[in-house]
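Subject: Structure handover

Hello,

Here is the structure I promised to pass on. Please open it first, then read the notes below.

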Amino acid sequence: MLLTDDSPFWRWQAAYRPSAFLLALSGGRDSMALLQALTLQRAQLSAPLVACYVNHGWSAAGAEWGVFCQREAAARGVPCDIVTLDWQAGQGNAEARARALRYQALAARLPPRGVLLTAHHRDDQAETFLLQALRGSGLDGLAAMPARRTFADGEHWRPLLDVPRAVIEDFVAAHHVPYLDDPSNDDPHYARNRLRLEALPALRDAFPQADATLARSAAWLGEALAVQQGLLDGILGEATTVLPWQALCERFDAATCKALLRRWLQRAGQPLPPAARLLSFIEALAGNGHAELRYGATVVLQHRGALHLFQASTPQAPPPFAPQTVWPGVGELSLRAGADLLAGRDCRWALYPCAAHWQEPGRRYAESLKNVLQRKGVPPWLRRRLPLLVVDGECAWLGGFGAAAGWQGLVFDWQKQAHFVNIRRLF
């Protein structure tokens with residue numbers, strides 16, 4: 001059996017108790033082998049098994065491969081969805097973009113407490129380790145692929161990560177498992193293919209145990225990474241979208257602060273920026289000028305000794321007021337309480353900056369909204385994204401602050417905010 005009695009898969013299943021298993025099925029030898037192994041041992045599975053084929057759209061044969069996967073899965077009593085991505089060639093690493101799109105599609109189909117299964121094996125792990133080393137990666141990269149990790153609303157397991165490719169080949173031959181050969185796997189244009197086809201054969205000739213030893217090194221580094229992340233998490237505490245950078249720099253050395261910054265970005269669910277760009281940002285933080293990091297839709301800004309993480313967005317013009325308002329670039333606003341206070345009044349949404357005054361509950365006088373936001377330490381970029389409700393010319397409610405004096409019964413829920421900063425934690 002490919003999944004032997006001592007396979008970690010069974011220990012993980014007993015401990016985690018998944019709600020479902022989602023197998024990423026490509027039609028290749030490895031994923032077809034895992035499909036066969038799972039169906040042979042279906043009686044031992046504690047949750048339903050389904051499969052998903054992701055057609056990237058960059059191969060003319062992609063649709064045919066999807067039909068093959070669906071047919072073979074159905075023959076084994078396993079439902080298989082086909083997802084077609086709108087692939088468009090662009091700049092950057094095509095492999096990395098395709099992988100990101102594939103995992104996004106799979107994450108969207110994973111139920112809460114579900115488990116994504118992929119058929120990465122020991123030879124894949126050795127290749128990944130070498131690729132990361134050749135890219136000059138740090139501990140995160142050299143730890144290569146974890147056998148088990150959190151993913152979407154569940155987990156991602158690689159139950160064959162300790163299994164050599166040769167064992168999978170023998171299993172496929174013994175069980176007459178059909179599979180597809182992707183011709184792109186022989187294209188030396190891709191770095192992983194060059195490594196697999198040209199460099200690794202020579203390395204194995206010189207060092208026959210290369211795959212096993214490289215995979216073992218990746219496993220050791222994975223353990224070290226887990227320890228490091230645990231220690232960093234203990235320092236970061238609940239910091240999510242605001243990082244007290246200046247305070248950390250006063251307490252820790254530069255290397256620790258760099259590690260804390262990387263971990264902070266990871267915990268927010270953000271991909272890490274290119275190493276050179278991150279180093280340039282850290283150097284800018286050491287100066288007295290403005291420091292800003294932008295990559296993809298992610299923005300990190302320095303303000304009053306802290307780093308603020310948010311998603312780049314451009315708020316659209318204020319829409320007409322409605323108890324349920326969808327405001328592109330700002331979020332969704334729902335009136336929860338206080339409809340009687342607004343009945344028959346002139347209500348309109350607005351954005352800062354505006355010639356407005358704000359009276360906080362408990363204060364005797366109103367003051368400039370600009371002064372209020374400055375005193376509270378709200379960064380300029382965030383001020384321009386705060387929804388403001390003006391009623392009969394008076395500021396009645398402000399996103400992140402709530403109701404003004406005299407309007408305490410007015411309550412809105414602000415959902416799907418374009419940024420992800422908890423404003424109340426700023427002060």
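A polar contact here is a pair of N or O atoms within 3.5 Å, where one must be able to donate a hydrogen and the other to accept it. Keep in mind that this is a predicted model.

Start with Glu127. It lies in helix H5, residues 122-134. Is Glu127 buried or exposed? Glu127 is buried, with a relative accessible area of 0%. Its side chain makes a polar contact with the side chain of Arg192, at 3.2 Å. That value is within the 3.5 Å cut-off. Beyond its neighbours within four places in sequence, Glu127 is in contact with Arg165, Arg192, Leu195, Arg196 and Leu200.

Now go to Asn193. Its place is in helix H8, which covers residues 191-206. Asn193 is buried too. Its relative accessible area is 5%. The side chains of Asn193 and Arg196 are joined by a polar contact of 3.1 Å. Arg196 is also among the residues that Glu127 touches. Leaving out residues up to four places away in sequence, Asn193 touches Ser184, Asn185, Asp186, Asp187, Pro188 and Glu198. For a sense of scale, take Asn193 and Arg385. They are 192 residues apart in sequence. In space they are 46 Å apart, C-alpha to C-alpha.

**The six-stranded sheet**

Next, find the open sheet of six strands. Their order is S3-S2-S1-S4-S6-S5, and the pairing is mixed. Strand S3 (80-84) and strand S5 (148-151) stand at the edges. Each has a single partner strand, so one side of each is left without a neighbour in the sheet. On average, neighbouring strands of this sheet are turned by 25° against each other, direction ignored.

How many bridges join strand S2 to S3? There are five, and the two strands run parallel. S2 spans residues 49-55. The bridge partner of Tyr53 in S3 is Ile82.

Helix H1 (residues 8-16) lies across strand S1 (20-24), strand S4 (114-117), S5 and strand S6 (154-157). H1 runs at about 175° to S6.

**Helices H11 and H12**

H11 has 14 residues, 254-267. At 1.5 Å a residue they should span 20 Å. The end C-alpha atoms are 20 Å apart, which agrees. Buried residues in H11 are Cys257, Ala259, Leu260, Leu261, Arg263, Trp264 and Leu265. Gly269 follows H11 and has a positive phi, near 80°.

H12 covers residues 275-286, twelve residues in total. From its first C-alpha to its last it reaches 17 Å, close to the 16 Å expected at 1.5 Å a residue. Which residues of H12 are buried? They are Leu278, Phe281, Ile282 and Leu285. Seen down the axis of H12, its buried residues fall within an arc of 100°, so they line one face of the helix. An α-helix has 3.6 residues a turn, so residues three or four places apart point the same way. The face of H12 turned away from the buried side carries the exposed residues Ala276, Glu283 and Ala286.

What covers the buried residues of H12? The cover includes helix H10 (245-251), H11, strand S8 (292-295), strand S9 (298-303) and strand S10 (306-311).

**Around strand S10**

S10 is mostly covered, with five of its six residues buried. S9 and S10 are joined by six bridges and run antiparallel. Val299 stands opposite Phe310 in S10. The two strands form a hairpin with two residues between them. In the turn, Arg304 has a positive phi of about 50°.

S10 also pairs with strand S7 (residues 242-243). Two bridges join them, and they run antiparallel. Leu243 stands opposite Leu307 in S10.

**The three-stranded sheet**

Last, look at the open sheet of three strands. The order is S11-S12-S19, with antiparallel pairing. Strand S11 (324-327) and strand S19 (411-415) are the edge strands, and each pairs on one side only. Neighbouring strands here are turned by 20° against each other on average, direction ignored. Five bridges join strand S12 (residues 331-337) to S19. Glu332 stands opposite Gln415 in S19.

Best wishes

Methods: Residues are numbered from 1 along each chain as its sequence is written. This is a predicted model: local features need pLDDT of at least 70, side-chain atom pairs count only at pLDDT 80 or more; totals for chains, interfaces and linings use all residues. Side-chain values use heavy atoms; hydrogens and water are left out. Two strands pair if DSSP finds at least two bridges between them. Helices (H or I, at least four residues) and strands (E, at least two) are DSSP runs, numbered from the N terminus. Axes are lines fitted to C-alpha atoms, for helices over the stretch in contact, and angles run from 0 to 180 degrees between N-to-C directions. Contact means heavy atoms within 4.5 Å. The expected span of a helix is 1.5 Å times one less than its number of residues. Buried means under 20% relative accessible area, exposed over 50%, partly exposed in between (1.4 Å probe, protein chains only). The arc is that of the directions from the helix axis to the C-beta atoms.
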